[in-house]
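Student: I am new to this structure and would like to learn how to read it. Where do we start?

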Amino acid sequence: MDFSRHISPQTKFFTLQHPLMLESGEVLPAPTVAFRTWGKLSASKDNAILLCHGLTGSADADDWWKPLIAENAAFNPVHDFIIATNVLGSCYGTTGPCSLNPKTQKRYQADFPRITIRDMVALQARLLDELGIKSLKMVVGGSLGGMQVLEWGAMFPNRVRALIPIATSGRHSAWCIGIGEAERAAIIRDPKWNNGFYDERHPPTDGLSTARMIAMITYRTSESFTKRFGREMQDSDRFRVESYLHYQGEKLNQRFDANTYITLTKAMDTHDLGRGRASYEAALGAISHPALVVSITSDILYVPSEQAELARLMPNAELRHLESDNGHDAFLIDMIPLSDMIREFRAKYGI
């Protein structure tokens, strides 16, 4: 499928002139990264903020975090130079399974290399090198984006002043890995899957739709579903909540790729700050940046105890709770209180 219609006209593209070595040892010869910017980079290039998106997001942060990008909001384009990149492995302009494999001149599909969160951050750092940005005021993101935030603190501690990981963890739990595997199983059991090498005219939409339905349940809560749907019927044969889940599944079918979904969820499973380092505790203890760890009180996916652990192990971190019944997705729904938290944090540290 062609996902270019979902890429904003304001999107910019940068193609590396040198290969990107992945953690797996495989090499991407000349990967491209899609990105958006807001505001103006200062003469001293010291006013940049990096925003990191979630699983099915894009570089269009003004779509998914619009209330946070404005004067008197968390990120002010008058003073800040705001950057959002589309992550490595995605389908919105950055090199991923939908890209052409230079060796075959066909789309990678299931041949796209296994990637990690650290590979995503390494590509972001290469983009910043190209833009001449040596340091960032902050790196901010939720869920998958929050994993990138933490790896920025671990991989490039001297390039970032502050971190704001939201609704995320320092290592992917068995709970999250299990949910991701159930979603992937739904995709690979689609009759059109064909081991990940499917006809682009007829992609495995049934499997991807089912994966999205599973995910949507974990992104919300029993309370939010009860408030919104109760036991109301959409028609004589379907509850409103059933109709909602099918709608969400079909909507993702129109804008996302099944191999991309598998690539990114597997990358999330590799997330562990302690992997290859002295220990998990030591890795977090070495992240000494001022950090605002945001926990969503009703999150059943990345549960509040995981953010409490981050705040306890990171020596200069503070924990704030976003009170909401909306579950994990609250960081994309309850945006005004989230924006206020970030503004208060910035004022406290003069960032």
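**Reading helix pairs and cores**

Tutor: We start with a pair of helices, H4 and H8, whose axes come within 10 Å and cross at roughly 160°. Keep in mind that this is a predicted model.

Student: How are H4 and H8 oriented to each other?

Tutor: Two packed helices are described by the angle between their axes and the distance between the axes. Angles over 145 degrees count as roughly antiparallel, so H4 and H8 are roughly antiparallel to each other. Their crossing is left-handed.

Student: Which residues of H4 and H8 meet?

Tutor: From H4 come Ile177, Glu183, Arg184, Ile187 and Ile188, and from H8 come Ala258, Tyr261, Ile262, Thr265, Lys266 and Asp269. By class, this contact of H4 with H8 has six nonpolar, one polar and four charged residues.

Student: At what angle do the axes of H5 and H7 cross?

Tutor: The axes of H5 and H7 cross at roughly 125° and come within 8 Å. The two helices are therefore oblique to each other. The crossing of H5 and H7 is right-handed. Residues of H5 in the contact include Leu208, Met213 and Ile217, and those of H7 include Tyr244, Leu245 and Leu252. The contact of H5 with H7 divides into seven nonpolar, six polar and two charged residues.

Student: How many residues does the largest nonpolar core have?

Tutor: In soluble globular proteins, nonpolar side chains tend to be buried together. Here the largest nonpolar core has 49 residues, and Leu88, Ile115, Met120, Ile187, Phe256, Tyr261 and Leu264 are those with the most contacts inside it. Among the elements that each supply at least two residues of this core are strand E4 (32-38), helix H4 (174-188) and helix H8 (258-269). A second, separate core has 30 residues, including Trp38, Trp64, Ile296 and Phe331.

Student: What does isoleucine 187 touch?

Tutor: Setting aside residues up to four places away in sequence, isoleucine 187 touches Trp193, Gly207, Leu208, Ala211, Ala258, Tyr261 and Ile262.

Student: Is leucine 22 buried or exposed?

Tutor: Buried means under 20% relative accessible area, so leucine 22, at 3% relative accessibility, counts as buried. Leucine 22 lies in the loop between strand E2 (20-21) and strand E3 (27-28). Beyond its neighbours within four places in sequence, leucine 22 is in contact with Leu28, Leu88, Pro113, Arg114, Ile115 and Asp119.

Student: Which residues of helix H10 are buried?

Tutor: In H10 (residues 304-313), Glu306, Gln307, Leu310, Ala311 and Leu313 are buried. These buried residues pack against H3, helix H9 (280-285), strand E11 (291-296) and strand E12 (317-322).

Notes. Residues numbered from 1 in each chain as written. Predicted model: local features only at pLDDT ≥ 70, side-chain atom pairs only at ≥ 80, totals over all residues. Heavy atoms only, no water. Core = buried A, V, L, I, M, F, W, Y, C linked by side-chain atoms within 4.5 Å. Buried < 20%, exposed > 50% of the residue type's maximum accessible area, 1.4 Å probe, protein only. Helix = DSSP H or I, 4+ residues; strand = E, 2+ residues; numbered from the N terminus. Contact = heavy atoms within 4.5 Å. Axes fitted to C-alpha atoms, helices over the stretch in contact; angles between N-to-C directions. Parallel < 35°, antiparallel > 145°, perpendicular 65-115°, else oblique. Left-handed = near helix turned anticlockwise from the far one by under 90°. Nonpolar A, V, L, I, M, F, W, Y, C, P; charged D, E, K, R; others polar.
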